[in-house]
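This report describes packing and ring interactions in a protein chain. The sequence and structure are shown first.

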Amino acid sequence: MISVFEMFKIGIGPSSSHTVGPMIAAKRFADEVRDNGQLPQVGRVLVELYGSLALTGIGHGTVDALLNGLEGQTPRDVDPAAILPRAKQLIAGADLQLAGIHPVPFTARTDCLMHRDQALPRHPNGMRCSAFAADGSLLASTVYYSVGGGFVVTEAEFDQAPLTRTPPPYPFTTAAELLGFCRQENKSIAQIVLANECTWQPEQDIRRQLLEIAETMAMCVRRGCKADGILPGPFKVRRRAPGLYTKLYDMLETGRNDVMLWPLVYALAVSEENAAGGRVVTAPTNGAAGIVPAVLQFYCDFHPDPNDAGIVDFLLTAAAIGMLYKRNASISGAEVGCQGEVGVACSMAAGAYCAVLGGTLAQIENAAEIAMEHHLGLTCDPVGGLVQVPCIERNGVAAEKAIKIAQLALLESGEHVVSLDQVIATMYRTGMDMRNSYKETSLAGLAVTIALPDC
Ligand code: SF4
């Protein structure tokens with residue numbers, strides 16, 4: 001079973017698979033070398049990136065993240081503002097502090113290689129970390145795959161049973177099983193997921209952590225609605241959320257307010273923070289990190305009685321839906337395109353919003369299903385390999401869509417033709433049929449239509 005706290009991870013932008021995952025993998029490698037007692041012997045570290053990580057790694061800040069990870073930083077605890085300056089020092093020739101304590105000479109040209117024309121066999125996001133002694137002999141080498149949403153597995157773990165933890169009372173793997181447990185026990189989706197989560201930690205800790213996640217999301221909305229300026233990268237994309245936020249406030253005063261523009265602006269705010277490398281929560285990924293927080297903020301701002309219990313139920317329900325995609329399809333744009341990121345986030349948000357508005361199980365399933373059905377086939381073609389165009393606007397549009405879909409589902413009986421399990425299976429098959437050039441490689445779509453500006 002996947003935990004709620006694996007679906008929602010506090011981390012850094014701009015990408016869960018290309019920034020958060022590589023930082024986690026690099027830290028795991030440094031810890032492994034340290035724990036094996038090899039640290040004092042290490043004279044060189046080599047990192048090799050393959051496939052999508054190599055093709056869009058520069059724009060996604062992959063190298064900056066993994067260098068900080070080798071020095072022992074984690075996405076949750078690192079100061080986002082310190083990542084780039086430290087990476088620049090290392091690239092300029094400073095010694096790498098492996099695991100934060102052992103100095104190793106580092107030369108970016110030879111010690112960090114981008115194999116843009118090669119892919120490792122298990123997943124498009126592959127990387128190999130190696131450590132060598134001063135005489136050049138190999139001490140350790142591990143292949144890691146960043147499989148989306150900040151999840152990292154080694155080559156060996158791909159063939160093993162997933163991490164063993166105490167089995168939860170409701171071990172659902174499909175939507176049919178999840179809804180079956182709900183009906184059998186007369187519990188909501190949130191209650192089933194909470195009961196599972198209580199297998200691993202006390203309920204009060206779960207609720208406290210979920211409220212911390214909600215607060216991190218809300219702070220991200222607030223920061224993004226204030227932070228004006230230009231996003232990193234050659235396109236000099238202007239942040240739009242602060243200007244739009246001010247305009248919406250002005251419209252409120254004149255009575256011309258379109259309430260559905262608020263979630264759109266909230267999602268832009270979070271996505272712009274993500275693109276700037278700020279503190280965000282994977283939901284389920286960074287590229288799609290604006291949608292769940294925007295809909296949750298909409299619940300907090302516009303529901304007649306928003307409260308902590310509703311926030312917790314929203315996050316538990318959204319996580320349950322995300323787990324179904326993670327388990328039975330993919331949440332990696334490099335594996336299935338943007339339908340696996342923005343499509344999944346929209347599905348999570350639509351189902352969760354329907355739940356906190358009092359939807360029945362059938363209506364919640366319907367909302368989650370509709371949201372994915374209308375993202376099927378969505379490609380991943382980030383311009384310049386940056387999580388900016390089309391990603392930021394795509395989050396805004398999907399946030400608004402999630403709310404309308406939830407409201408639509410609530411108006412009807414919940415009876416529907418396509419089940420959530422069927423649409424998840426269809427999304428995965430569509431992703432497998434999609435050409436690789438449309439899966440976070442920046443080799444097709446908008447990424448090739450829009451030329452890089454002369455710098
Ligand atoms: S296009 Fe979608 S999947 Fe690709 S980087 Fe942007 S948000 Fe992520």
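## Packing and ring interactions

Leaving aside neighbours within four places in sequence, Tyr325 is in contact (heavy atoms within 4.5 Å) with Ser330, Ile331, Val344, Ser347, Ala368, Met372, Leu420, Val423, Ile424 and Met427. The model is predicted: local features need pLDDT of at least 70, side-chain atom pairs count only at pLDDT 80 or more, and totals for chains, interfaces and linings use all residues. Residues are numbered from 1 along each chain as its sequence is written, and side-chain values use heavy atoms, with hydrogens and water left out.

Tyr325, Phe8 and Leu315 touch the most other members of the largest nonpolar core, which has 106 residues. Such a core is a set of buried Ala, Val, Leu, Ile, Met, Phe, Trp, Tyr and Cys residues joined through side-chain atoms within 4.5 Å; buried means under 20% relative accessible area, exposed over 50%, and partly exposed in between (1.4 Å probe, protein chains only).

The structure also holds 8 aromatic pairs, in which ring centres of Phe, Tyr or Trp (its six-membered ring) lie within 6.5 Å; planes under 30 degrees apart count as stacked, over 60 as edge-to-face and the rest as tilted. Two edge-to-face pairs are listed below.

| Pair | Centre to centre | Angle between planes |
|---|---|---|
| Tyr245 and Trp262 | 5.7 Å | 85° |
| Tyr249 and Trp262 | 5.7 Å | 85° |

Trp262 counts as buried at 4% relative accessibility, whereas Tyr245 is partly exposed at 27% and Tyr249 is partly exposed at 42%. Ring pairs link Tyr245, Tyr249, Trp262 and Tyr266 into a cluster.
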